Amino acid sequence: MTAATIPTVEISGPPAERGRQYGEAARGKIGAALAYYEEAFGESSGLTWAQVTARAERWLEPVRGYAPELVEEMTGIAEGAGVGLLDVLALNARGEIIYDQTFARMRARADAVADVADDREVTDGCTSFAVLGEASGDGHVYCGQNWDWRAGAADTVLMLRIVQPPHPTVIMQVEAGQIGRQGANSAGIALNANGLGGRFDDTVGLPQTVIRRRVLDSESISEAVDVLCRTRGHIASNALLTCREGFALDLETTPGAHGWLYPDQGLLVHGNHYQTTVPVQLAARYRPESSDSLIRVPRAEAGLRRLREATTPDESRKLIHQAMSDHLGHPEGLCTHPDTRQPPVKWWMTLLSSCVDLTSGDYHVTPGTPCDHEYQHLPWNLYDGPHAPN
């Protein structure tokens, strides 16, 4: 085990100002993110970065119409980092651009083999969990996830704290330049998210980073659920919501219908396959894009059930760390490592494992694979900001 640390950035003020602070603080990592995705898009699809940003522009007006202050924040990030607004927008819509480009290539090939083989490029691989009081021996509410994505993005990951009255203060794990991903807020609401995949129609929907930020800006669990039910994402994505009061709900959101799932005896785990119902648009040909998700979910459930044995938060956290370090199916599995049989641009790994104690407000992350890294206790408590639960 190593004691590496993950970079932290704290921003505050009006949207443009906090964006500028973010861009200045993360300038080097934003540059690294742009360089990585320029290389990745070039190798996977032959796109130049100018072509990538041209594709990103289609989301500018939809985002401005839905959340104009988030465009202001992205503009500030661009100014602080010395890059263009469309560069930052491309980092925030990278999953949607990959989705469009991958399925355009598959349509052009009209190849059944490509239909299965290339889908993996589209979906973030993650395993999310919620453990409510009745499933934890210490009575605390826990949530978190293993965030699996491309190994080349590892050096761009940071923890971001956003102080933004009148909205709750938010703590998130993000790729540098992104305005939203996974995290929790000072109202005691957490979001953990997983890609789901599948081809839907070509209507332009909102990027996931924008939707997820809006969820984490919510002051109540009902407001967070409403965001997910009333927005149309461009791609399918799973959202596991947990709140301090001991409630959890999983929503499999798609550009079409949503499915939902509740905890079983206080435990809820979700991976990258549809666990409620397969959307009608996919039913005839559906196969899980991340096949190892079928292994990860029951393995995480088995490991997390042991939390009933814990009597203190320290014991609970150790058991969560142990559960999320599982290697069945190595190199893929709950704790994912690069498959060196593949070219480096296709390497995947667990970039970060998170464990949030929503009862106490303590936020822990591993800066890399959990099997190799101890949990790092962040310098902020969730409830240091406004809107903290009584």
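**Reading strands, burial and contacts**

Mentor: A hairpin joins strand 4 to strand 5 through six residues. Strands here are DSSP runs (E, at least two residues; helices are H or I, at least four), numbered from the N terminus. The model is predicted, so local features need pLDDT of at least 70 and side-chain atom pairs pLDDT 80 or more, while totals for chains, interfaces and linings use all residues. Residues are numbered from 1 along each chain as its sequence is written, and side-chain values use heavy atoms, without hydrogens and water.

Trainee: In which sense do strand 4 and strand 5 pair, and over how many bridges?

Mentor: Strands of a sheet pair through backbone hydrogen bonds, either parallel or antiparallel. Two strands count as paired if DSSP finds at least two bridges between them. Strand 4 (residues 157-163) and strand 5 pair in the antiparallel sense over six bridges, and Met159 has Gln173 of strand 5 as its bridge partner. Strand 5 also pairs with strand 6 (residues 182-185), in the antiparallel sense over four bridges; there Ile171 stands opposite Ala184. Six residues lie between strand 5 and strand 6 in their hairpin, and Gly177 in the turn has a positive phi of about 100°.

Trainee: Why is strand 5 described as largely enclosed?

Mentor: Buried means under 20% relative accessible area, exposed over 50%, and partly exposed in between (1.4 Å probe, protein chains only). Six of the six residues of strand 5 (residues 170-175) are buried, so the strand is largely enclosed by the rest of the structure. Val170, Met172 and Val174 point one way, Ile171, Gln173 and Glu175 the other.

Trainee: What is the strand order of the open sheet?

Mentor: Six strands form it in the order 11-2-3-12-13-14, with antiparallel pairing. Strand 11 and strand 14 (376-377) are the edge strands, each pairing on one side only. Strand 3 and strand 12 pair over nine bridges, and Gly144 stands opposite Cys355 in strand 12.

Trainee: Is Gln145 buried or exposed, and what does Gln145 touch?

Mentor: Gln145, in strand 3 (residues 142-150), is buried, with a relative accessible area of 0%. Contact means heavy atoms within 4.5 Å. Not counting residues up to four places away in sequence, Gln145 touches residues including Phe129, Gln173, Gln182, Ala193 and Met324. A polar atom of the Gln145 side chain lies 3.0 Å from the backbone oxygen of Ala193.

Notes: A polar contact is a pair of N or O atoms within 3.5 Å; within protein, one must be able to donate a hydrogen and the other to accept it, and residues adjacent in sequence count only if both atoms are side-chain atoms.
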